[in-house]
Amino acid sequence: MDLTWIDAENPDPRHVAGAVALLEAARTVDSPHLLSQTVPLFQGRLRHGWDGDRPAIALALDARGRAVGYLEVVLFNWDNRHAGYVDVSVDPLVRRQGIGRALYDAGADRIRADGRTLLLTSGWDQPAASGFAKAMGLDPAAETVYRRQDLRLADWSRLDAEYARAREHATAYEVVRMPGAVPESMLVDVATMTAAINDAPTEGLDIEDEVFSAERIRAFEASQEARNRRLYRLVARERATGTLAGQTLVGVMVDRPWYALQFDTSVVRAHRGHRLGLLLKIGMMRWLGEEEPQLQFIDTDNAASNSYMIDVNKILGYEITATMIEWQRRL
């Protein structure tokens, strides 16, 4: 099968349109709980990846030039240089014709050619996706649960009481609002604090701790700006020392202002036990209520074994929308 690799610097508009149309067709079948694809979302992905690790993206085109298969390969550079990630999507109208297998093999070849020894991928917890992963020789390694919060249904009398109780345990800390890009003077401290996310469970995944730097924080910000998201970062700072103890981070869609994504919420190990996670999450809800009163939904995801954050999200009213399985295979 011939693949057409998309030029990230100067992409053919037909390829961009084809990729977005294919991903949208797959979304309506595989993950209807997600928002629809858009060109800005795809272009942000193509040019920036998630936080600077730009993916290689290819399309399988039929005889008429229509995209029927999608391949994305990510070779991690900030860390985990032993691994690569493959994502495959096939137009639902032409599945079970070998396109997915050919795309997967091409992705595995690209990872192997770079000297990497571990292939990672993910798929919704559905029979077709799991069957495909097993047929490709992959093993399940972790489970991620997706949840959604409907802010219109928030019980503020209960949340205010929870916030007050959390505040009683966190008197040694102040809460600092950081909209948009992190101030240059705090960039190194934010990068250091962000590494606390490495304490989140990774279950059976054969991966190393992520490495965060000022450059990586800026790359993430550029990626989100390209996707038309406004960033809101709320930080807990120890009053006595000025040390950053934890954070929560949300991105609101500019072109779909009723919807937001919850990114990192983490607390540095030395500062746990003060209910900072709950304080930050409810504090973020309050802040968004002031700045983005039109906001209706926030989506988040956590490892199924991350009981602490799941308990916090239940208090906030999050409901399960889907489950994803993380797969891996040694090359």
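Q: Accessible areas here come from the Shrake-Rupley method with a 1.4 Å probe, and for residues only the protein chains shown count as cover; what accessible surface does the chain have?
A: About 15300 Å², with 51% of that belonging to carbon and sulfur atoms. Keep in mind that this is a predicted model, where local features need pLDDT of at least 70, side-chain atom pairs need 80 or more, and totals for chains, interfaces and linings use all residues. Residues are numbered from 1 along each chain as its sequence is written, and side-chain values use heavy atoms, leaving out hydrogens and water.

Q: What makes the pair of W50 and F263 edge-to-face?
A: Rings of Phe, Tyr and Trp (its six-membered ring) pair if their centres lie within 6.5 Å; planes under 30 degrees apart are stacked, over 60 edge-to-face, the rest tilted. Here the centres are 5.5 Å apart and the planes sit at 75°, so edge-to-face it is.

Q: How do you know whether F263 is buried or exposed?
A: Buried means under 20% relative accessible area, exposed over 50%, and partly exposed in between (1.4 Å probe, protein chains only). F263 has 14%, so it counts as buried. W50, at 43%, is partly exposed.

Key
Areas by Shrake-Rupley, 256 points an atom, 1.4 Å probe, with all protein chains shown as cover.
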